[in-house]
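Here is a set of questions and answers about one structure. Each answer sets a value against the definition of a term.

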Amino acid sequence: MSIAAHQVVTLHYVLSDVLDDGEKQVLDDSEARQQPLEYLHGHNNIVPGLEQALEGQAAGSELSVTLMPADAYGIRNEALVQEVNRNAFGNAELEIGSRFQTEGEAGPQIVTVVALNGDQVTVDTNHPLAGRTLRYKVRVLDVREATRAELAKGHPLPPGTDHSKVEDRKVL
C-alpha cells in the first residue's frame, strides 16, 4: 500500500541539522529511542516537506530528504524575539536556553529564553528549528488505512479505540 491521505504511517527517522560547514549534527533518532513515529498522512501531523516526500512511498521504503527552512519549521522571524518582564515567569528558575510552553494566538507555542538583563527577559517564540536546513533519513515501517476514530481526531489513536467514544472535531 502506498502512502496517501487518510492513512496511518509508521516510520523510523534520523533528523540531522545541516551546519554551515556542511557537517551534520544528529538532533533526533527514533530508532535509538526505540520509538517509531506514527502519523496520519494528509492531516498536517508532520512538517510539510517531509509529508510531501513520503507521498507514494510504501512499507520498506528508505529515503533521505533535505528540507529548506520554508518546507520544515519555517523561516526565522526576528519580530518573534521580544523582551518581557521577569514577572511573566512567576517563580520559575530562568537561564539562557530555558524553554517554556505558553499559549499563543495560534495555540500552544514554545518560548526560549535567549537573554537575561535584570528584570527584562528576552524570549524567542520562533520554533527552535526555524531557519535551519534539516535532513531526514527515513525508513517506512508500515502503512495502513486510518480508522474512523483516527480520521475524526486527525491523528493516530491507540489500537482498539472505539470510534463511538471519540468526539468528531475534524471535518474531512
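Predicted model: local features only at pLDDT ≥ 70, side-chain atom pairs only at ≥ 80, totals over all residues.

Q: What makes up the secondary structure of the protein chain?
A: The protein chain has two helices and nine strands. Helices (H or I, at least four residues) and strands (E, at least two) are DSSP runs, numbered from the N terminus. Along the sequence the pattern is β-β-β-α-β-β-β-β-β-β-α.

Q: What is the relative accessible area of H6, and what is H6 called as a result?
A: With a relative accessible area of 34%, H6 is partly exposed. H6 lies in the segment before β1. Although H6 is not a glycine, its phi is positive, at about 70°.

Q: How do you know that β1 and β9 pair?
A: Two strands pair if DSSP finds at least two bridges between them. β1 and β9 have 11 bridges, in the antiparallel sense, so they meet the definition of a pair. One of the residues involved is S16, whose bridge partner in β9 is R135.

Q: Which other strand pairs with β9, and over how many bridges?
A: β4 pairs with β9 in the antiparallel sense over six bridges. Here T66 stands opposite R135 in β9.

Q: What joins β1 to β2?
A: Five bridges join β1 to β2 (residues 24–29), and the two strands run antiparallel. In β2, V26 is the bridge partner of S16. β1 and β2 form a hairpin with five residues between them, and G22 in the turn has a positive phi of about 90°.

Q: Why is one side of β5 and of β6 left without a neighbour in the sheet?
A: The open sheet has four strands in the order β5-β8-β7-β6, with antiparallel pairing. β5 (81–85) and β6 (99–104) stand at its edges, and each has a single partner strand, so one side of each has no neighbour in the sheet. β5 is joined to β8 (residues 120–124) by five bridges, with Q120 in β8 as the bridge partner of N85.

Q: What makes T112 count as buried?
A: T112 has 11% relative accessibility, so it counts as buried. T112 is found in β7 (residues 107–117).

Q: Which side chain makes a polar contact with the side chain of T112?
A: The side chain of R99 does, at 3.3 Å. A polar contact is a pair of N or O atoms within 3.5 Å; within protein, one must be able to donate a hydrogen and the other to accept it, and residues adjacent in sequence count only if both atoms are side-chain atoms. Not counting residues up to four places away in sequence, T112 touches G97, S98, R99, T122, V123 and D124; contact means heavy atoms within 4.5 Å.

Q: Which residues touch the most other members of the largest nonpolar core?
A: They are L50, L54, Y136 and V138, in a core of 20 residues. A nonpolar core is a set of buried Ala, Val, Leu, Ile, Met, Phe, Trp, Tyr and Cys residues joined through side-chain atoms within 4.5 Å. The elements that give two or more residues to this core are β1 (7–18), α1 (48–54), β4 (62–67) and β9 (134–145). β9 supplies the largest share, five residues.

Q: Which residues does the second, separate core include?
A: This core of six residues includes F89, L94, V113 and V121.

Notes:
Residues numbered from 1 in each chain as written. Heavy atoms only, no water. Buried < 20%, exposed > 50% of the residue type's maximum accessible area, 1.4 Å probe, protein only.
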